[in-house]
Amino acid sequence: MVHALHEIVASTGGSFDSLAFASSVVHNTRELLSCDSAALYMWSPENETLECLVASDGLVVESPPILSGRGVSRQALLTLEPVTVDDYPSWEHALPSALASGLKSCAAVPLVVGGRPLGVLVVRSFHPRHWTNSDLRLLSLFATQVAPTLELVRLYSESERRRTETEALAEMVRLGARERDIDRVLAFVCEQAGPLLKADYGGISLREAGGGHAVRVGMWGNREPYDSRRASRGRGTGPLALSMSEDRTVILESLTDDPELTPAFHLREGGRTALATPLRTHQGVIGALSLGWRSVVKPSAEQVKLAEALASYAATVVENARGYAQEQEARAASEATAAVLLERERALQTLHELAVATGGVLNAKSLGQLVVDGARDLLGVDSAGLRLWDPETNSLLPIADSEIGRRGNPAPLLHAAGIQGLVFSTGKPVVVDDYMAWRQEHGTAVERGIRSAVAVPLRVGERSVGTLLVRSYTKRRFEPEQVQFLELLAAQVAPPLEAARLHEESEKRREEAEALADLVRLGAQERDSVRAMDLICDRARRLIGADYAGMALVQRGQRIWHGISGSQVMGREIYARSSSQGITAQALTAGKTLVFEHLDRQPELSDAHTAEGGHTATATPIVAHGDLTGALHLGWRHDVAPTPSQIRLAEAIASYAGVILENARAHADLEERAQVLAASQERLRTLYEALACGVVVWGPSGTITHANAAAEELFARTQDELLGQAPDDLWMVVEAEGEMAAPVKLSQAILNTRQALRKVTISTEAADGPSLWLQADVVPVLNADGSIEEVVASFIDVTARMEAEQALARQALYDELTGLPNRRLLEDRLDQAILGSLRGGYLVGILLLDLDGFKSVNDTLGHQAGDVVLRKVGERARAALRTSDTVARLGGDEFAVVLTSVTDGPGAEVAAAKILAALREPTKIGGKQVVVGASIGIALCPMHGRDRARLLHCADVAMYAAKNAGSGAELYEPYMERREDGELLIGSTAER
C-alpha cells in the first residue's frame, strides 16, 4: 500500500489535478485488490448526488448521477460504512445498469474527512468473488489514506476554478471599460461564458427598441452560422421568452427532438439542456443570456450564479452603449464590479498564500500570528485575534492578537463571555456591525474603541477548538462574502492549529518529564542539602511558571524558609514564625495542596508572601521521615488560577523534596547515610519492578547488574540467568534512529557517545518460543565527571505490530491456501528472470500446470478434500525443483513454475517430468487414495518470447496441446496454435 500511495504522489507531481489524482487512486486500488475495475465517486451536497469522477476502464456501471438509495456506492455513503456484495445479481439494492454490464461482485468504502462524507471508492469484479476481511481492511485503509489528499485536491481545484472565474470576469470588466463596440463586447461575453459554465453553445438575445422581437447577438459554439442580427420569433414558451417575460433564470432539462416541445434555436443545435437568465437594467429586462448543452446536465447553483453575474455585466454594457448620457453611471458600475472581483481575487490569493505558509508549522503562536495577519489582509480590518480552547482551564486562551503590545495583552475568556465566547458555544459566526449598540457588548472592548466585529468558530469535525475575531475601530458593514471568506480561512487553519496545540502539549509534557528526571538525577548527586533545596525551588519556579518559590520547613516549632528562588526581598532562614500560623500550617493540617487567592487583601495569612507582593500562592505539603515537615510554596504577583497540571507538577516536586530532606539527614550521620542510601536504591529498584515495560541495567564493565520481572518475561530468562550477561548477547539491533544504524552493539554505542538512544528496534530469540520484536530506549546515567555510572534500557513488546505489518505484506503476495506465491509475485519474479535472461544470455523456462481430474475430487469428496489436494500439489512441486525456482498458484487448480536457468528445451522437460512423477504419488484423504494428474505447457525465454505476456501465452498453448495429446507435458511449438482443421486450439478441449 505504501508503494501505491507513492505512485499517487508521483502521478500528481504537485499539480493538484483532481482527475490525475483520482485516476492514480483508481489505478492503484485496482492493482492493490487485483479486481476487474475500480471507480471513484464524488458526493455533491448541493445536488445530493454521487457523480463518477474516474473509472479505471471507462465503464461507469452505476450511471451518474446516483440519486436513490440503491447501488453499492449510495449504500456506502448512506451508512458511512464499507459495503461488500459477493453475489450482486441477487442483491436487493442492485442497479439495472450494473446488472446489464455483467457485474458479479463489488465492494465500496466511503471517503470521509472530519466525519463528513467526501465520496465513495468502488471496486468491481465481473466474475464471482468473495471479499475477505483482508480485502476490506486494505480497501478501508487505502481510502482513509487518500481521503484527506483528495479533499485537499478538491479544495484546491475549487479555489482555482473561482480564481479562473474571477480573472475572466475581471478581463471582461477591463474590456468593457475600453471597448465601445457592443457586438464585440457581447461576443467576448459569450466566448467567456460558454467555457466557464462548460456549455456547448450560447448567445445573447436583446429586445429591440420599443420591446419588439429579440435579436440574437454574440453567438458562440454554434454548429451552423447565424446572422448576427437574426430575430427569434418563437412561441413564447422557450427558456429565452420565459426568462425575459418572468424576469428570472429558467432551466429546461431533457429537451427532445420534438419541434412542438423544443425551441427552434436549441432544436437546431441538438440541445438537451438549456439555461436562460435575464439581462436586467434600471429600465427593466432588455434581453437574456442563453446557454445550451447537447447532453442532459443539471446546472449547479454556482453555475447559475456565474451566469447571472455574466448577464448582469452584459446588461450594463448594453445599457452603456444604448444611452451615451448614462455613460458615466455605467462606468462607475463597471469599476465597482471590477473592485469586487479584484477583491475576491485578492482574497483567494491570500487564502492560497496562507495555506502554503502554514504547511508544516507546529508552533501554535507562530501559526496563529500568520492567521491573524492573513485575516487582517483578507478583510482589511484594524486588528484581529485568535484564541484556542484550553480544556484544563475551561477558557479561551489568546494565541495571537494584533493588539498585543499596543492596547494591553488580552486575558483568557470564559466559555460564554463576549462575542468569541458566543461563537465558540454556538459554533456559528456572529457579525456585529454596530458593537456599541449590541446587547451583549463587552465593556473592555468598547473602551478599546471597537465599533464593528466579526467572529467565526475554528472547528475540527463537529467540535469547536477556538475562535477567530476581526475588529474595526470605525463603524462598518461586513458583507456576507467577506464573512464566507473568513469562515473559509477558519476551516483551512483549524486542523493545523489543533495539531500544533496537541504537539505543543505533548512536547510540554515530554519536557516536564525530562526536567523532573534531570532534577532527580542532579538531586541524587548533590550532597549538600541547602544547595539541593536551592535547585529544587529554582526548577519548581521555572517549570510551573511562578514568580517566586521557596520551601517553608517546620524546625524547632518555627517555620523557616529555605531555597528561595525569584525573591525580590527574602533571604534564607528569615521570617521565622510559629508553626501553627500561616498558609503552611493550613496545608499541613489539610494534608494536601491548597490554593490561596487575593493575598494582597489578606496580609495576615503570610507575611512572607505579603513582602513579595504576592497575589496568588500554592502550598504543597512535604513529607520527610514519614512526617509532614513543611510545604513547597509557589507565588504569583498577579491574580492567576493555577491549573491542575501545575498543581500535579508541584506535588511531584514536593514529593522529591521530601526525599532530599531524608538524604540530608542520612548524610549527617555516616551510618544512617548508608542505610538511607540503600533504602533509596531499593526504592529505585522497586520503581523498576513496578514498571510494565522491561528494564535492564548494566554498568561500565558491560555486564547486566539488574533486570526487572518484565524483562525476565520478555527475554524468557530468570534474574540469575540475566545477571552477569553481556547485554548485546540477548538481542540484535534491527533499526535505529539518527546516525547509528544496524548492525551495532548498543553497549558499545552508549560508551562511545554517552547519549541516549531512542526508539531502537531489536529482535530477540526467546529460549522457549518464537522471535520477539522489541522497541528500546537506552539512557546513560552519568557521574559528576561525565563518566557513565550505569546504563538503563527499557523495552516494550512491538511483536504484534511488526507481525501485522508482515502479514499485510504477505497477504498481498502469497496465496492464502497453499502459501505459494500468487499471480502478482509470480509476474514480478518472471519479469526479473526475463531481464536476467536477456542480459546474461541464458534460458529461462515458464511452466503452466493444470490438474487433470481435480473437478471429480471436488464433486465426490468435497471442497475440503480439494484444498488438501491443492496444498499437496504445491508441496510436491516445490520439493521436486531447485530452491532457486518459483512455484506459484494462479487460482483454482492452475499452477505456474519459473525455472530461473535451464540449458535447453529438454532440460525444462526434465523438470516437468519430475513434477509429474511427484504428483503421481497417491494422497490419502478420508481413508481413500486420491490420484490426480496434470498437463504442463513449457515456454522458453528468449526462444519463444521476450516478454511476460508472450511467454505465458506460449506456455498456455503448449499446456492445452499436452492436455489434448494426453502426453503430460509439451514444449511450445508454433504449429500448436491451430489444429489441422484450422480452428483455434485454445479453449477447444474439455476438462479431462
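I take two strands as paired if DSSP finds at least two bridges between them. Strands (E, at least two residues) and helices (H or I, at least four) are DSSP runs, numbered from the N terminus.

**Entry 1: basis.** I note that this is a predicted model, in which local features need pLDDT of at least 70, side-chain atom pairs count only at pLDDT 80 or more, and totals for chains, interfaces and linings use all residues. Residues are numbered from 1 along each chain as its sequence is written, and side-chain values use heavy atoms, with hydrogens and water left out.

**Entry 2: strand β5.** I looked up the bridge partner of M42 in β5 and found G119. Strands β1 (residues 37–44) and β5 run antiparallel and are joined by six bridges. G119 is also the bridge partner of L111. Nine bridges join β4 (residues 105–113) to β5, again antiparallel. Two residues lie between the strands in the hairpin of β4 and β5, where G114 takes a positive phi near 60°. I then checked burial (buried is under 20% relative accessible area, exposed over 50%, partly exposed in between; 1.4 Å probe, protein chains only). Eight of the ten residues of β5 (residues 116–125) are buried, so the strand is largely enclosed by the rest of the structure.

**Entry 3: aromatic pairs.** I searched the whole structure for ring pairs of Phe, Tyr and Trp (its six-membered ring), with centres within 6.5 Å; planes under 30 degrees apart are stacked, over 60 edge-to-face, the rest tilted. The search finds three aromatic pairs. One of them, W389 with F424, is stacked, at 4.8 Å centre to centre and 25° between the planes. This pair links distant parts of the chain, 35 residues apart: W389 is in strand β12 (residues 383–390) and F424 in helix α12 (residues 418–426). W389 counts as buried at 16% relative accessibility, and F424 is buried at 8%. Y435 and W438 form a tilted pair, 5.7 Å centre to centre with 45° between the planes; both residues are buried.
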